[in-house]
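My entries follow in the order in which I made them.

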Amino acid sequence: MPPRTEKTSTLRVAVLADSDTRWKWGALTARRLTTGDGGAPTPRTEISGLLLRGRATPTPRQLAEVGDVGIDTDRVREVTAVEFLQTVRDEGYDLVVLALVGGAVQAMLHGLAALRLSARPVVVTGYVGVVYEKLADGLLLRHGADVVLANSRHDAERFRAVYEGVGADASAVTEAALPFLGGAPHTPEQGRDTVVFAAQPSVPASRADRTYLLRRLVEHARLHPRREVLLKLRSKPGEHTTHIEELPYQRLAEKLPGGLPPNFRLVYGHMGEVLDRTDLLVTVSSTAALESLHRRIPTAVLTDLGVRETLGNHHFIGSGLLTSWDHLDGGAHPEPDAAWLAGQGVAADGTYATAYDTARARVTALLAQDRLPRLAPYYTPATAPGYLPGILARHHLAPDGHPLPGAAAPRETGRVRGAVREAVRDAARGAYRHGVQRVAPVIRRMGEL
């Protein structure tokens, strides 16, 4: 049997994502793995986009704001877990990138294993940004993929330690970098002085903490009337991202006493485009800090709410970036530690061009194999009988990875039936989002009275 790369003239790749940021990571990772320069895929590469239906499934606006990922959004379609498995079975993909939360990755690994394909695809997964919580849980849920990408040397060492510590095979861990780093290095411009605060949907979580950060940002704008101060937002109210945002800054800003100064603005859009005009990036723990550092933009990580694991800013211990609004108000600009940067995959030294060489070589070698071994996740009905079945059931899969009875919906037989089904799905998703973002917070507050 010839190697799979010689079977057809086209390398077929599928990216399955469950949020806007994971779509960005997955699509760009597919491009990095199939090209040498991060540009558009070669004519022999065909990348298909699939969105896993759920609470954070991105809207068309969110997909557009992700920026150019080399896949026409008109060709991206929404699927359930079972529909995705059916698609893999029917389409014969060579490479699958799972850009999903850990539980969904685990479900897809078991579902793919249950297909028992004679020539299964190479499976790649990883993390969309800084890994600062649930390290063991998230990693073990991703175990079983052919390649588990680490965004830095620091992460690769931690990942291997976790796998080896539980007796699991750690050979899949492969050091790479965040696929969306790029852009021109920071160059100060005469007359431009722009500070950008990169907001996060769930960090911090409380109304008091988020209001505090917003107030300090607005006060900074008032203290520096000639400085443009931007609040970079991830989503509009009602939309979801990778994490749930129960208290959007837009709503908090509407209630801020005294209103907003003229040099303060709320902005959306592609982070790379915002960074093009940024002279100081401020955040609590956003991955945007790594994008900013890669471009040598002055970057600050706030300590105002403490340096805590729940905030994620503990990840930046040793970076030289930790500071407070008081210091920033006084004109301080933190200086990053070179050794810390070298271990975090920032690649501001020019090594980013080769960051995916090892991963690309590994994928190429796997694609060349006549037959890949069956996927073998660490979690099985024997090793995690009280945990795994619930994870699979959330995606309508049985403990053996096969679809539960009734989970496999029949293929649509007409446009009218398909349109009705999509309308019902859209209505249900809208109701769910409303419940999560509007009703649930009220219920929780009532429970605290």
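I began with strand β2 (residues 45-52), which pairs with β3 in the parallel sense over 3 bridges. Strands here are DSSP E runs of at least two residues, helices are H or I runs of at least four, and both are numbered from the N terminus; two strands pair if DSSP finds at least two bridges between them. Leu51 has Glu78 in β3 as its bridge partner. This is a predicted model, in which local features need pLDDT of at least 70 and side-chain atom pairs count only at pLDDT 80 or more, while totals for chains, interfaces and linings use all residues. Residues are numbered from 1 along each chain as its sequence is written, and side-chain values use heavy atoms, with hydrogens and water left out.

Next I traced the open sheet of 7 strands and read its order as β3-β2-β1-β4-β5-β6-β7, with parallel pairing. β3 (77-79) and β7 (173-175) each have a single partner strand, so one side of each lacks a neighbour in the sheet.

I then turned to strand β11 (residues 280-283). Strand β8 (residues 194-198) runs parallel to β11 and is joined to it by 4 bridges, with Ala198 opposite Thr283. Strand β12 (residues 299-302) also runs parallel to β11, through 3 bridges, and Val282 stands opposite Ala300.

For the cores, I used sets of buried Ala, Val, Leu, Ile, Met, Phe, Trp, Tyr and Cys residues joined through side-chain atoms within 4.5 Å. The largest nonpolar core has 74 residues, and Val282 is one of those that touch the most other members, as are Trp23 and Val124. Helix α1 (residues 20-34) gives this core its largest share, 6 residues. Leaving aside neighbours within four places in sequence, Val124 is in contact (heavy atoms within 4.5 Å) with residues including Leu33, Val97, Leu149 and Val363. Another core, of 45 residues, lies apart, with Leu16 and Tyr379 among them.

Last, I checked Thr323, which lies in strand β13 (residues 322-323). Thr323 counts as buried because its relative accessibility is 8%. Which residues is Thr323 in contact with, leaving aside its neighbours within four places in sequence? I found Ala300, Val301, Leu302, Thr303, Asp304, Leu328 and Pro334.

Terms used:
Buried < 20%, exposed > 50% of the residue type's maximum accessible area, 1.4 Å probe, protein only.
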